[in-house]
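Colleague: I would like to learn how to read the features of a model like this one. Please take me through them in turn.

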Amino acid sequence: MWTPEVISMIGKGIVETIYMTLVSTAMGYVLGLPMGVLLCITDKDGLKPNKVIYKIFDIIANVVRSIPFLILLILLIPFTRFLLGQSYGSTATIVPLVAAATPFIARMVESSLKEVDAGVVEAAKSMGAGTFTIITKVLLVEGKTSLITGVTIAIGTILGYSAMAGAVGGGGLGDIAVRYGYYRYQTDIMFTTVILLILLVQIFQTIGMLIANRTDKRR
């Protein structure tokens, strides 16, 4: 059963899973980081309180996060097909992965920035620092350990989402698990893909926490 073709297929599945996860996380942060910053600074206790802007982004984040990923993936099939010309495969799966990851990342960024000591922010204000300077030189710098921990959590979550996408031909290890482990009852391939997914999460988790610990000033 463990022919060179099967081994090659699993190797390709690992590469596709890592590709989907890392690209989706990167693109999720491109959209989610600014969104999280806006949620933080426009909150009632933020640098620039704005009830309307906060409420708009708050509703968007809550609505998207409340939709189960598998349903979101199916809902976005027409948009994915319009954007890329196809709705299956590892590259096409990145579209719903980014849609699901963005509000999740935004909430983590918001939480990380709100953990920054208010005294540090007030000190920057008293020295005449503007909003942009406080965001880039104070909030993001002081909250970098928490932000890096958030990246680690996001990668693990998105990797799990990428495996779910296998149910609709999303590619990667999830697709292999569904096609061979579920439809063809090849339990050895199913267990192998599960173990590989667990190992990938552990590797990303370990690397992320090592980086976070190195940036933690309290250590």
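**The largest cavity**

Modeller: Leu73, Ile77, Thr80, Ser87, Ala92, Thr93, Pro96, Ala165, Val168, Gly169 and Gly170 line the largest cavity. The model is predicted, so local features need pLDDT of at least 70 and side-chain atom pairs count only at pLDDT 80 or more, while totals for chains, interfaces and linings use all residues. Residues are numbered from 1 along each chain as its sequence is written, and side-chain values use heavy atoms, with hydrogens and water left out.

Colleague: What is a cavity, and what is a pocket?

Modeller: On a 1 Å grid over the protein atoms alone, a cavity is a set of points where a 1.4 Å probe fits but cannot get out. A pocket is an open set with protein on both sides within 12 Å along at least five of seven lines, and lining residues have an atom within 4 Å of a point. Grid points are joined across faces, edges and corners, and a volume is the space filled by probe spheres set on the points. Here there is one cavity of 30 Å³ or more, and the largest holds about 60 Å³ of space.

Colleague: Which elements give two or more residues to the lining of the largest cavity?

Modeller: They are α4 (77–84) and α5 (90–114). Helices (H or I, at least four residues) and strands (E, at least two) are DSSP runs, numbered from the N terminus. The most comes from α5, with three residues. By class, the lining of the largest cavity has six nonpolar residues, five polar and no charged. In this scheme Ala, Val, Leu, Ile, Met, Phe, Trp, Tyr, Cys and Pro are nonpolar, Asp, Glu, Lys and Arg are charged, and the others, Gly among them, are polar.

Colleague: What is the volume of the second largest pocket?

Modeller: About 300 Å³. Its lining has 13 residues, with Cys40, Asp45, Gly46, Ala118 and Val121 nearest the centre. In this lining, α6 (118–126) gives the most, with four residues. The division is seven nonpolar, one polar and five charged.

Colleague: How is a pair of aromatic rings described?

Modeller: By the distance of the centres and the angle of the planes. Rings of Phe, Tyr and Trp (its six-membered ring) pair if their centres lie within 6.5 Å; planes under 30 degrees apart count as stacked, over 60 as edge-to-face and the rest as tilted. This structure holds one aromatic pair. The centres of the Phe69 and Tyr161 rings are 4.8 Å apart and the planes are at 10°, so the pair is stacked. Because Phe69 lies in helix α3 (residues 69–75) and Tyr161 in helix α8 (residues 144–164), the pair ties together parts that are 92 residues apart in sequence.

Colleague: Is Phe69 buried or exposed?

Modeller: Buried means under 20% relative accessible area, exposed over 50%, and partly exposed in between (1.4 Å probe, protein chains only). Phe69 has 6% relative accessibility and so counts as buried. Tyr161, at 21%, is partly exposed. Of the 219 residues in the chain, 43% are buried.

Colleague: How many residues does the largest nonpolar core have?

Modeller: A nonpolar core is a set of buried Ala, Val, Leu, Ile, Met, Phe, Trp, Tyr and Cys residues joined through side-chain atoms within 4.5 Å. The largest has 31 residues, and Leu47, Val109, Leu113, Val121, Ile134 and Leu139 have the most contacts inside it. The largest share of this core, 10 residues, comes from α5.
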